[in-house]
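Visitor: I have a structure open on my screen and I'd like to learn how to read it. Could you walk me through some features?

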Amino acid sequence: MTSLLILNGPNLNLLGTRQPEIYGHVTLKDIEKLCQDKAIASNIQIQFEQSNHKGALIDWIQAAKSKQDGIILNAGAYTHTSIALFDALTAVEVPAIELHVSNVFSREAFRHHSYISNIAIGVICGFGAAGYTLAMDAMLGHLNQS
Ligand code: DQA
């Protein structure tokens, strides 16, 4: 059965209360439920995780090599700073989609650069919580073609 890792980085545990004018009112728990419902409907498995710690994110990415067919990664601010996350994604050779709730390109200039984009098969940003299920569809489409 197809299995996806959906990984969330720092401060995404605060969705729902964090700058709702940018990130909306949907909580990470709500998003996890949306993803679980979609996984059941699509007959796939997901592992949905969040951590504020870079090492924990890297551990999940490394474990995906033997466990998952694709990675959907909202790395939060680490997107813009972390060569270590880029290296981990490069090492495991599991296809990854970069995801953001907000449209990072309509925001501060420091959010316009991403280390993840270099290795991602694609980027989804600006569609709020819906981006998570859009990313699942995009990954399933990619896996079915490859
Ligand atoms: C984010 C965008 C990042 O720039 C920011 O640091 C986040 C959230 C998003 O989902 O829109 O923490 O990844």
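Guide: Let's start with N43. This is a predicted model, so everything here is computed from it. Exposed means over 50% relative accessible area, and N43 has 55%, so N43 counts as exposed.

Visitor: Where does N43 lie?

Guide: N43 lies in the loop between α2 and β2, and β2 covers residues 45-50. Take a look at its backbone too: N43 is not a glycine, yet its phi is positive, at about 60°.

Visitor: What does T27 touch, leaving aside its neighbours within four places in sequence?

Guide: Contact here means heavy atoms within 4.5 Å. On that basis T27 is in contact with L15 and G16. The C-alpha atoms of T27 and G16 are 4.4 Å apart, although the two residues are 11 apart in sequence.

Visitor: Now for G9: buried or exposed?

Guide: Buried means under 20%, and G9 has 0% relative accessibility, so G9 counts as buried. G9 is found in the loop between β1 and α1. Not counting residues up to four places away in sequence, G9 touches Q50, S51, N52, L57, N74 and A75. As for Q47, that residue is 38 places from G9 in sequence and 14 Å away in space, C-alpha to C-alpha.

Visitor: And S3, where is its place?

Guide: S3 is in strand β1, which covers residues 3-8. Its relative accessible area is 8%, which means S3 is buried. Leaving aside neighbours within four places in sequence, the contacts of S3 are Q45, K67, Q68, D69 and G70.

Visitor: Let's move on to helices. How do I read the way α3 and α4 pack?

Guide: Look at how far apart the axes come and at what angle they cross. Helix α3 (residues 54-67) and helix α4 (residues 83-92) have axes that come within 9 Å and cross at roughly 10°. Angles under 35 degrees count as roughly parallel, so α3 is roughly parallel to α4.

Visitor: Which residues make that contact?

Guide: From α3 they are K54, L57, I58, I61, Q62 and K65, and from α4 they are A84, L85, A88, L89, A91 and V92. By type, the residues of this contact divide into 9 nonpolar, 1 polar and 2 charged.

Visitor: Last topic: how many cavities of 30 Å³ or more does a search of the whole structure find?

Guide: The search finds 1. The volume of the largest cavity is about 130 Å³. Its lining has 15 residues, and the closest to the cavity's centre are Y23, G76, A77, H100 and R111.

Visitor: What types of residue make up that lining?

Guide: The lining of the largest cavity divides into 6 nonpolar, 6 polar and 3 charged residues.

Key
Residues are numbered from 1 along each chain as its sequence is written. This is a predicted model: local features need pLDDT of at least 70, side-chain atom pairs count only at pLDDT 80 or more; totals for chains, interfaces and linings use all residues. Side-chain values use heavy atoms; hydrogens and water are left out. On a 1 Å grid over the protein atoms alone, a cavity is a set of points where a 1.4 Å probe fits but cannot get out, and a pocket is an open set with protein on both sides within 12 Å along at least five of seven lines; lining residues have an atom within 4 Å of a point. Grid points are joined across faces, edges and corners, and a volume is the space filled by probe spheres set on the points. Ala, Val, Leu, Ile, Met, Phe, Trp, Tyr, Cys and Pro count as nonpolar, Asp, Glu, Lys and Arg as charged, and the others, Gly among them, as polar. Helices (H or I, at least four residues) and strands (E, at least two) are DSSP runs, numbered from the N terminus. Buried means under 20% relative accessible area, exposed over 50%, partly exposed in between (1.4 Å probe, protein chains only). Axes are lines fitted to C-alpha atoms, for helices over the stretch in contact, and angles run from 0 to 180 degrees between N-to-C directions. Angles under 35 degrees count as roughly parallel, over 145 as roughly antiparallel, 65 to 115 as roughly perpendicular and the rest as oblique.
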